[in-house]
Amino acid sequence: LTSTIRAAKRIILSVGSGDGSQQAAIVQSGHHNIISTFFDSEQVVNAKYKSSRDHIALLRKKSTVLFGVDATRLHDNPSLVGKRFDIILFTFPHTGVPNSNAESIESNKQLIRNFLKSAQKVLAEDGEINVTLKTSAPYDKWTFPDFEEFEIEPKSQFNFNSQLFPGYIHRSTKGHMDVKNGRAKMYTFGKKSKHRDEDDEDFCPTSSFTLSIEFTSVDDDDIEMCVTKILSHESSDVNVLDIRRQFPEAICPDTRQLNRVLYRMESTAKLRRGPPNTSSSKKPTWTLAASDMVLK
């Protein structure tokens, strides 16, 4: 399983970034044009989440990290003023008011409303805002606002799959407790169409559209097909890293998945395993079995 983000020049803003694990997964996928923001100070974040230090260190090395950022006041934050973002992420927003508290539902509805109201002001013209929420109670009562007075409108929704962010862990707003994602959806919002005909019956504010952030789930059979094609054009034995480098970026598997496929192909006599191609390497090399050779 691998997750990839296309259009590397597009700028991502992540708010309420938890322990930074989701954002670190995005950076490790190869997309470094991201600003990860946290509501708390760095000291508080690290006190809440034991894993945050490593994630933040990675994010700092390859991207931008900001602390003390209020998701409802993005438009007047000094570090964000004048910037426009192609993708704005808010994954599992929560005010921290316990769900058992009668005020929790209203406080979170207000959080989402004020976030969207602010986020629309720093959104690029063709950008999108992605909000991920659980669909079970009480989260199903966190209704979105009436968008009549907003510059944005609903565009699409789809099931959220946390496995597309390797290493991502949903953390409690209060601290170290892990939270089960359960069934969740990512809701996408974008700028309202300026020139649409109000009488156009084909217009639907929740119709699907092409996401500029695209996550691709690739199964082992897909990987096997690519391996066969890659090795059919190789004149010498190559190891797993050599093979991985030739994969299209959009479906490039992690090394563990690719190794699993290679050994599976060997067990079905589709590949032959050979010795390492250098004295310093311990990785075996691979060639197609004669029956699977493809004419160039």
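Which residues is isoleucine 88 in contact with, leaving aside its neighbours within four places in sequence? In this predicted model, the list reads Leu13, Phe115, Ala119, Val122, Leu123, Glu128, Ile129 and Asn130. Here is a short tour of the surroundings, starting with the sheet.

**The sheet**
- Seven strands make up an open sheet with mixed pairing, and their order is S3-S2-S1-S4-S5-S9-S6.
- At the edges sit strand S3 (64-67) and strand S6 (152-159), each of which pairs on one side only.
- On average, neighbouring strands of this sheet are turned by 20° against each other, direction ignored.
- S4 and S5 run parallel and are joined by six bridges.
- Isoleucine 88 stands opposite isoleucine 129, which belongs to S5.

**Helices against the strands**
- H4 packs on the sheet, where it touches S1, S4, S5, S6 and S9, and its direction makes about 165° with that of S5.
- Helix H1 (residues 21-28) lies across S1, strand S2 (34-38) and S4, and runs at about 170° to S2.

- As background, nonpolar side chains tend to be buried together in soluble globular proteins.
- The largest nonpolar core here has 28 residues, and those with the most contacts inside it are Leu74, Ile88, Phe115, Leu116 and Ile129.
- At least two residues of this core come from each of strand S1 (12-15), strand S4 (85-91), helix H4 (104-119), strand S5 (123-134) and strand S9 (184-191).
- H4 gives the largest share of this core, five residues.
- Another core, of 20 residues, lies apart from it and includes Ile34, Ile56, Leu164 and Ala184.

Terms used:
Residues are numbered from 1 along each chain as its sequence is written. This is a predicted model: local features need pLDDT of at least 70, side-chain atom pairs count only at pLDDT 80 or more; totals for chains, interfaces and linings use all residues. Side-chain values use heavy atoms; hydrogens and water are left out. A nonpolar core is a set of buried Ala, Val, Leu, Ile, Met, Phe, Trp, Tyr and Cys residues joined through side-chain atoms within 4.5 Å. Buried means under 20% relative accessible area, exposed over 50%, partly exposed in between (1.4 Å probe, protein chains only). Helices (H or I, at least four residues) and strands (E, at least two) are DSSP runs, numbered from the N terminus. Contact means heavy atoms within 4.5 Å. Two strands pair if DSSP finds at least two bridges between them. Axes are lines fitted to C-alpha atoms, for helices over the stretch in contact, and angles run from 0 to 180 degrees between N-to-C directions.
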